[in-house]
Amino acid sequence: MRINKNYLNLQDSYLFSKISRKVAEYKEKHPEKDIISLGIGDVTLPLCDAVVRAMQVAVAEMGTKEGFKGYGPEQGYGFLRQAIARYYEKRNIYLDPAEIFVSDGAKSDLGNILDIFSVDNTVLIPDPVYPVYVDSNIMAGRKILYMDANAENNFLPTPDESIKADIIYICSPNNPTGAVYNREQLRAWVDYALSCNAIILFDAAYEAFIQDDKLPRSIYEIEGAKKCAIEFCSLSKTAGFTGVRCGYTVVPMELVYENTVLNKLWLRRQTTKFNGVPYIVQRGAEAVFSEEGHAQIQQNIAYYKENAKIISETLKGMNIWFVGGENSPYIWLKCPTGMTSWVYFDYLLENANIIGTPGSGFGKNGEEFFRLTSFGERKNIIEAMNRLSKI
Ligand code: PLP
């Protein structure tokens with residue numbers, strides 16, 4: 001037996017364990033200190049009432065002979081796929097429910113989608129980046145090219161015609177930078193992908209945080225995108241489903257490469273290797289798209305966005321350069337001159353008892369940057385910003 005040696009090429013994922021170790025050491029020395037974390041990417045508000053009730057009804061249903069459900073359709077129940085299609089329809093994007101695949105979250109699908117692509121494709125990935133794109137391609141042994149996201153391009157790299165790639169990752173609103181592409185920038189990516197027969201893997205996990213109508217929340221708002229893009233969405237941050245687990249992936253019928261409809265390949269992949277998301281969870285997800293559920297999750301999103309505003313206003317007041325925070329839960333700030341992101345991490349922990357995430361954990365271009373998240377409790381955000389202002 002031989003192992004997949006590509007796994008040996010992965011870098012140790014030490015970012016969050018290193019943060020935990022440093023915080024534990026600091027706490028041991030200073031047990032009296034009140035430490036505030038603006039580092040976590042997990043939500044803190046509970047599920048909304050409409051979702052809880054829908055899942056309770058589904059649980060009760062499962063306990064009856066008539067209502068019991070066993071294996072469901074691998075690609076998701078019709079009621080949820082139709083609800084998602086209607087959600088897109090509100091933005092004038094018309095999808096057949098057969099183009100929507102319900103998943104247990106965007107992370108799984110972002111990794112699994114690679115099954116349907118040849119390993120000799122070249123992949124183009126922004127740096128800094130959500131590490132899953134890089135690691136899942138290293139595991140498969142694909143060649144990776146990086147595009148620089150930096151202060152000069154406001155962390156929104158645009159296509160470079162001289163580079164030929166087959167698979168392109170775009171995440172907007174971006175994790176870790178919080179930067180959001182506008183229509184013209186996304187159109188440039190769609191045109192580029194169409195011109196070189198590439199495919200865009202568009203990660204829209206944070207689309208619900210976009211409230212500026214001028215900014216695209218789906219790549220399918222761009223003409224031609226259905227011919228060159230797969231979109232990954234998640235209810236994790238939108239509706240607090242990080243623990244419940246539900247997302248969806250859109251694979252339009254128009255995606256045809258080498259005379260093959262990608263939707264059929266993905267359906268075959270899913271029906272072979274995936275047995276679907278629990279019925280109870282899908283009923284909860286359906287409630288997210290109901291009028292009542294939508295209104296309730298908007299309140300949670302508004303809470304996080306207000307947190308982001310408090311952080312942004314503080315940084316502006318201190319003349320600290322940053323991107324994000326407006327249509328995104330992430331704020332990506334420039335470390336003080338001369339400080340690397342880990343030096344700044346220690347500085348903030350020791351002087352303000354605030355935890356954030358060092359940018360270098362997301363790629364080399366993050367070396368002088370730092371990520372703060374707005375998923376915390378309001379009183380902690382306010383206190384953290386008071387402390388930051390003082391130092
Ligand atoms: N995509 C991005 C950019 C993320 O930041 C995350 C979660 O942190 C995910 C996808 C994963 O989402 P899910 O919880 O649906 O797997």
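Biologist: Where is P176 found?
Modeller: Keep in mind that this is a predicted model. Strand 5 runs over 167-171 and helix 6 over 183-195. P176 is found in the loop between strand 5 and helix 6.

Biologist: Is the peptide bond from N175 to P176 cis or trans?
Modeller: Most peptide bonds are trans. From N175 to P176, though, omega is near 15 degrees. That bond is cis.

Biologist: How far is the side chain of N175 from an oxygen atom of the ligand?
Modeller: There are 15 residues around the ligand, and N175 is one of those that come nearest, along with D203, Y206, S234 and S236. A polar contact is a pair of N or O atoms within 3.5 Å. The distance from an N or O atom in the N175 side chain to an oxygen atom of the ligand is 2.8 Å.

Biologist: And how far is the side chain of S234 from an oxygen atom of the ligand?
Modeller: S234 is also in that nearest group. Here the pair is an N or O atom in the S234 side chain and an oxygen atom of the ligand, and the distance is 2.6 Å.

Biologist: How much of the ligand does the protein bury?
Modeller: Start with the ligand taken alone, when it exposes 400 Å². Then put the protein back: the share of that area it buries is 90%.

Biologist: Which helix gives the largest share of the shell around the ligand?
Modeller: Helix 4 (106-112) and helix 7 (236-239) each supply at least two residues of that shell. A106 even has a backbone N or O atom 2.8 Å from an oxygen atom of the ligand. The largest share is three residues, and it comes from helix 4.

Biologist: How many residues of the shell are nonpolar?
Modeller: Sort the shell by class and you get four polar residues and four charged ones. The nonpolar count is seven.

Biologist: What is the volume of the largest pocket?
Modeller: That's the pocket where the ligand sits. The residues lining it number 40, and V129, Y130, P131, V132 and F362 lie nearest its centre. Its volume is about 1200 Å³.

Biologist: Which helix gives the most to the lining of the largest pocket?
Modeller: Helix 1 (15-29), helix 4, helix 5 (131-140) and helix 7 each give two or more residues to the lining. The top contribution is five residues, from helix 5.

Biologist: Where is the place of P128?
Modeller: The peptide bond from D127 to P128 is cis, with omega near 10 degrees. Strand 3 covers 122-127. P128 has its place in the loop between strand 3 and helix 5.

Biologist: What is phi of N197 near?
Modeller: N197 is in the loop between helix 6 and strand 6 (199-203). Most residues other than glycine have a negative phi. N197 isn't glycine, yet its phi is positive, near 55 degrees.

Conventions. Residues are numbered from 1 along each chain as its sequence is written. This is a predicted model: local features need pLDDT of at least 70, side-chain atom pairs count only at pLDDT 80 or more; totals for chains, interfaces and linings use all residues. Side-chain values use heavy atoms; hydrogens and water are left out. A residue is near a molecule or strand if one of its heavy atoms lies within 4 Å of it. A polar contact is a pair of N or O atoms within 3.5 Å; within protein, one must be able to donate a hydrogen and the other to accept it, and residues adjacent in sequence count only if both atoms are side-chain atoms. Accessible areas come from the Shrake-Rupley method with a 1.4 Å probe; for residues, only the protein chains shown count as cover. On a 1 Å grid over the protein atoms alone, a cavity is a set of points where a 1.4 Å probe fits but cannot get out, and a pocket is an open set with protein on both sides within 12 Å along at least five of seven lines; lining residues have an atom within 4 Å of a point. A molecule sits in a cavity or pocket if more than half of its atoms lie within 2 Å of its grid points. Helices (H or I, at least four residues) and strands (E, at least two) are DSSP runs, numbered from the N terminus. Ala, Val, Leu, Ile, Met, Phe, Trp, Tyr, Cys and Pro count as nonpolar, Asp, Glu, Lys and Arg as charged, and the others, Gly among them, as polar. Grid points are joined across faces, edges and corners, and a volume is the space filled by probe spheres set on the points.
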